[in-house]
Amino acid sequence: MIDELKQEEVMSETNETPDELIKETIDKVSNYLTEFHSDHISFGDGSFTVSRGSSQTMIIVRPFTKTEACVECIANVVTGANITPNLMRFLLRKNSELHFGGFGLLFDDTITFSRSFSSSAMDSDEFKVTLNAVAIISDYYDDIIVDLAGGKRARDILDDLMLD
């Protein structure tokens, strides 16, 4: 019962990030993107996207605590791969080798790569390093994962949409 109460307390703190902090963080992200990636797309809701090679990286500002927002950089690396024990072993081993971020698996078996940090830790260098790490690693490993397990890279999905 005590664990449930602690969990509820953490959840209520998580949902109370002040709107002003969220807006300030979105504005900082937007300014950094304008400086580093003038071709970025803003969706107007605190989420953005940038392309690099065959990958696309989303930048999302999320509520976190009463004093922090969370900035998440996430790329959908491969969609529709054959998720096998060997592929999972490969991804977990890469997680232990890579310095920034980690691979994940969404509910629909989309393989992602992401890294998050708090808004108070964000300066232009932290933002640039994180965004570039996620984009470069995703662009590098998407081809390897498709060779190992099939599926489609972000660029392949965009190309398919353009043909429809």
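## Close-up views of the model

Threonine 17 is buried, at a relative accessible area of 9%; here buried means under 20% relative accessible area, exposed means over 50%, and partly exposed is in between, using a 1.4 Å probe and protein chains only. Before we move on, please note that this is a predicted model, in which local features need pLDDT of at least 70 and side-chain atom pairs count only at pLDDT 80 or more, while totals for chains, interfaces and linings use all residues. Residues are numbered from 1 along each chain as its sequence is written, and side-chain values use heavy atoms, with hydrogens and water left out.

**View A. Threonine 17 sits in the loop between helix 1 (2–14) and helix 2 (19–36).** Helices (H or I, at least four residues) and strands (E, at least two) are DSSP runs, numbered from the N terminus. The threonine 17 side chain reaches the backbone nitrogen of phenylalanine 64 at 2.7 Å, and one of its polar atoms lies 3.3 Å from the backbone oxygen of glutamate 68. Setting aside residues up to four places away in sequence, threonine 17 touches Ile22, Pro63, Phe64, Thr65, Lys66, Glu68 and Ala69, where contact means heavy atoms within 4.5 Å.

**View B. The largest nonpolar core has 32 residues.** Such a core is a set of buried Ala, Val, Leu, Ile, Met, Phe, Trp, Tyr and Cys residues joined through side-chain atoms within 4.5 Å. The members that touch the most other members are Val29, Ile59, Phe103, Ile111, Phe127 and Ile145. Two or more residues each come from helix 2, strand 2 (47–52), strand 3 (55–63), strand 4 (69–79), helix 3 (85–97), strand 6 (111–118) and helix 4 (124–149). Helix 4 gives the largest share, seven residues. Zoom in on phenylalanine 127 and, beyond its neighbours within four places in sequence, you will find it in contact with Val29, Tyr32, Leu33, Phe36, Ile59, Phe117 and Met122.

View C. A disulfide is a pair of cysteine sulfur atoms within 2.5 Å, and searching the whole structure turns up zero of them. Each cysteine is buried: cysteine 70 has 15% relative accessibility, and cysteine 73 has a relative accessible area of 0%.

**View D. Asp143, Arg153 and Asp156 are linked in a network of salt bridges.** A salt bridge is a side-chain nitrogen of Lys or Arg within 4 Å of a carboxyl oxygen of Asp or Glu, and the whole structure has seven. For arginine 153 and aspartate 143, the closest N and O atoms are 3.0 Å apart. This pair links distant parts of the chain, with arginine 153 in strand 7 (residues 152–153) and aspartate 143 in helix 4, ten residues apart. Between aspartate 156 and arginine 153, the closest N and O atoms are 2.8 Å apart. Aspartate 143 is partly exposed at 35% relative accessibility, as is aspartate 156, with a relative accessible area of 21%.

**View E. Glutamate 97 and lysine 94 pair up within helix 3, three residues apart, about one turn of the helix.** The closest N and O atoms of this salt bridge are 3.0 Å apart. Glutamate 97 is partly exposed at 47%, whereas lysine 94 is buried at 16%.

**View F. Aspartate 109 has a positive phi of about 70°, although it is not a glycine.** Look for aspartate 109 in the loop between strand 5 (102–105) and strand 6. Aspartate 109 is partly exposed, with a relative accessible area of 34%.

Technical notes:
Polar contact = N/O pair within 3.5 Å; in protein donor to acceptor, adjacent residues only side chain to side chain.
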